Amino acid sequence: METGSAMANRTFMAIFAHPDDESFGTAGTFAALARAGARVVLVCATRGEAGEISDPALATPDTLGAVREQELRCSAQAIGADSPILLGYRDSGMAGTIENEHEDAFATLRPMP
Ligand SMILES: [Zn+2]
């Protein structure tokens with residue numbers, strides 16, 4: 001991997017659907033890039049509002065988006081990335097679920113007539 005000034009002039013951007021996607025498989029690479037001097041930018045389409053809650057002590061369906069956003073912000077800080085950019089779409093959940101029908105869901109976007 002390049003180090004020093006060569007990495008200082010580079011920006012790496014990754015776009016994910018949900019908070020925590022940045023942690024699966026790519027966090028170590030992005031942390032290494034940041035440590036080598038690169039700018040790392042994480043872009044997240046949603047706040048993961050339709051995700052599963054594995055421990056009810058951590059979130060409720062009403063707070064899940066805020067909790068996951070905060071987790072993403074902590075993850076970005078641990079990686080050494082910029083403050084994450086959230087695009088503000090609502091999580092559309094799994095294919096065929098009622099979450100797909102939410103008016104702010106990415107899955108509901110249609111081409112302009
Ligand atoms: Zn995901």
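**Figure 1. The largest nonpolar core of the predicted model.** The largest nonpolar core has 10 residues, namely Phe-30, Leu-33, Ala-38, Val-40, Leu-42, Cys-44, Leu-72, Ala-76, Ile-79 and Ala-81; a nonpolar core is here a set of buried Ala, Val, Leu, Ile, Met, Phe, Trp, Tyr and Cys residues joined through C-beta atoms within 7 Å. Two or more residues of this core come from each of the elements α2 (27–35), β2 and α3, where helices (H or I, at least four residues) and strands (E, at least two) are DSSP runs numbered from the N terminus. A residue is buried if 20 or more other C-beta atoms lie within 10 Å of its own, exposed if 12 or fewer, and partly exposed in between, with C-beta atoms placed from the backbone. In soluble globular proteins, nonpolar side chains tend to be buried together. The structure is a predicted model, in which local features need pLDDT of at least 70 and side-chain atom pairs count only at pLDDT 80 or more, whereas totals for chains, interfaces and linings use all residues. Residues are numbered from 1 along each chain as its sequence is written.

Figure 2. Ala-76, which lies in helix α3, counts as buried because 23 C-beta neighbours fall inside 10 Å. When residues up to four places away in sequence are not counted, Ala-76 touches Leu-42, Ala-81, Asp-82, Ser-83 and Pro-84, a contact being two residues whose C-beta atoms, placed from the backbone, lie within 7 Å. Val-40 is 36 residues from Ala-76 along the chain, and the C-alpha atoms of the two are separated by 8.8 Å. Ala-76, Val-40, Leu-42 and Ala-81 are among the residues of the largest nonpolar core.

Figure 3. Ala-14 has its place in strand β1 and is partly exposed, since 16 other C-beta atoms lie within 10 Å. Leaving aside neighbours within four places in sequence, Ala-14 is in contact with Glu-22, Thr-26, Phe-30, Leu-42 and Val-43.

Figure 4. The 3 strands form an open sheet in the order β1-β2-β3, with parallel pairing; two strands pair if DSSP finds at least two bridges between them. Strands β1 (11–16) and β3 (85–89) stand at the edges, each with a single partner strand, so one side of each is left without a neighbour in the sheet. From one strand to the next the twist averages 15°, the axes being lines fitted to C-alpha atoms, for helices over the stretch in contact, and the angles running from 0 to 180 degrees between N-to-C directions. Strands β1 and β2 pair in the parallel sense over 6 bridges, and Met-13 has Val-41 as its bridge partner in β2. Strand β2 (residues 39–46) is joined to β3 by 3 bridges, again in parallel, with Ile-85 of β3 as the bridge partner of Val-43 and Leu-86 of β3 opposite Cys-44.

Figure 5. Along the sequence, the chain follows the pattern α-β-α-β-α-β. The chain averages a pLDDT of 89, and 90% of the residues score at least 70, pLDDT being the predictor's confidence in each residue, from 0 to 100. Confidence is lowest in helix α1 (residues 5–8), at a mean of 79, and highest in α3, at 97.
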